[in-house]
Amino acid sequence: KKIKKFVLNYFPSLTQKSASDYNNFDREFLSEKPKLSYSDKNLIESMDQSAFDGFSFINPKFEQILNK
C-alpha cells in the first residue's frame with residue numbers, strides 16, 4: 001500500500017476555557033430544544049442498572065414512564 005502524507009495548514013484550537021465553553025459545537029446544534037427519548041419499560045428493566053448505583057436523581061418525566 002502506498003502511504004499518502006500531507007501537511008495541515010490549519011490546527012483548530014481545542015482548549016476549553018471553561019465548563020460552559022461550547023465554541024467547537026455548531027450553533028444550530030446548540031439551539032435545538034432537547035427531547036426526552038421514548039423508553040420501553042420492559043427494555044429498561046431487562047438492562048443491567050448497576051452502573052448507576054449511587055445515583056439519586058431521577059428525571060420526573062422518566063419516572064412517569066417507568067410507573068406506567
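1. The elements of the protein chain run α-α-α from the N terminus on, which amounts to three helices and zero strands. Helices (H or I, at least four residues) and strands (E, at least two) are DSSP runs, numbered from the N terminus.

2. This is a predicted model, in which local features need pLDDT of at least 70 and side-chain atom pairs count only at pLDDT 80 or more, while totals for chains, interfaces and linings use all residues. Residues are numbered from 1 along each chain as its sequence is written, and side-chain values use heavy atoms, with hydrogens and water left out.

3. The protein chain has a radius of gyration of 21 Å, whereas a compact globule of 68 residues would have one near 11 Å. That radius is taken over C-alpha atoms, and the globule rule is 2.2 Å times the number of residues to the power 0.38. Along its principal axes the C-alpha trace spans about 55 × 35 × 25 Å.

4. Of the 68 residues, 6% count as buried. Buried means under 20% relative accessible area, exposed over 50%, and partly exposed in between (1.4 Å probe, protein chains only).

5. I3 sits in the segment before α1. I3 is exposed because its relative accessible area is 68%. Between the C-alpha atoms of I3 and E32 there are 41 Å in space, and the two are 29 residues apart in sequence.

6. Y22 is also placed in the segment before α1 (27-30). Y22 counts as partly exposed because its relative accessibility is 42%.
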